[in-house]
Amino acid sequence: ATAAFALSGLMEAARKRLDAVGVCVVAFLAAFGGGTLRDLLLDQRPFFWVQHTEMLWGVLALCVVAMLFMRQRHFEVTEKAILWPDAL
């Protein structure tokens with residue numbers, strides 16, 4: 001679910017033509033924002049992304065790979081391909 005939210009944020013940032021830092025920030029906020037809010041409301045410490053740092057590195061790697069892929073003018077194909085996982 002975290003990867004799907006990250007891809008969703010990444011696609012929206014790409015539509016808005018943000019730079020690399022903006023794309024990563026939007027992807028991270030989309031991926032980890034809901035879970036962090038959940039942890040705050042349930043008063044769970046440490047946050048899930050602090051306990052599982054591999055998720056942070058995974059989202060960062062996903063951002064880099066997706067930006068390189070979409071830079072080669074594959075945006076339309078990528079947008080259609082993300083509709084299925086995003087719907088799930």
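This is a predicted model: local features need pLDDT of at least 70, side-chain atom pairs count only at pLDDT 80 or more; totals for chains, interfaces and linings use all residues.
Colleague: Let's start with F32. Why is F32 called buried?

Modeller: Buried means under 20% relative accessible area. F32 comes out at 6% relative accessibility, so F32 counts as buried. You'll find F32 in helix 2, which runs over residues 20-41.

Colleague: And which residues does F32 touch, leaving aside its neighbours within four places in sequence?

Modeller: F32 is in contact with T2, F48, W49, M55, L56 and V59. Take V59: V59 and F32 are 27 residues apart along the chain, and their C-alpha atoms are separated by 9.7 Å.

Colleague: T2 is on that list. What makes T2 buried?

Modeller: The cut-off is under 20%, and T2 has 17% relative accessibility, so T2 counts as buried. T2 sits in helix 1. Not counting residues up to four places away in sequence, T2 touches A31, F32, M55 and V59. There's also G35, which is 33 residues from T2 in sequence and 8.9 Å from T2 in space, C-alpha to C-alpha.

Colleague: How do helix 1 and helix 2 cross?

Modeller: The axes of helix 1 (residues 2-15) and helix 2 come within 7 Å and cross at roughly 145 degrees. The crossing is right-handed. On the helix 1 side, the contact is made by T2, F5, A6, G9, L10 and A13. Helix 2 brings in G22, V23, V26, A27, A30, A31 and F32.

Colleague: What classes of residue make up that contact?

Modeller: Ten are nonpolar, three are polar and none is charged. Gly is counted among the polar ones.

Colleague: On to helix 4. How do you know that its span agrees with its number of residues?

Modeller: Helix 4 covers residues 53-71, which is 19 residues. At 1.5 Å a residue it should span 27 Å, and its end C-alpha atoms are 27 Å apart, so the two agree.

Colleague: Which residues of helix 4 are buried?

Modeller: V59, C63, A66, M67 and M70.

Colleague: Why say these are on the same side of helix 4?

Modeller: They cover an arc of only 100 degrees around the axis, and that puts them on the same side of helix 4. As background, an α-helix has 3.6 residues a turn, so residues three or four places apart point the same way.

Colleague: And which residues are exposed on the other side of helix 4?

Modeller: There you have E54, W57, V65 and L68. Exposed takes over 50% relative accessible area.

How values were computed
Residues are numbered from 1 along each chain as its sequence is written. Side-chain values use heavy atoms; hydrogens and water are left out. Helices (H or I, at least four residues) and strands (E, at least two) are DSSP runs, numbered from the N terminus. The expected span of a helix is 1.5 Å times one less than its number of residues. Buried means under 20% relative accessible area, exposed over 50%, partly exposed in between (1.4 Å probe, protein chains only). The arc is that of the directions from the helix axis to the C-beta atoms. Contact means heavy atoms within 4.5 Å. Axes are lines fitted to C-alpha atoms, for helices over the stretch in contact, and angles run from 0 to 180 degrees between N-to-C directions. A crossing is left-handed if the near helix is turned anticlockwise from the far one by less than a right angle, and right-handed if clockwise.
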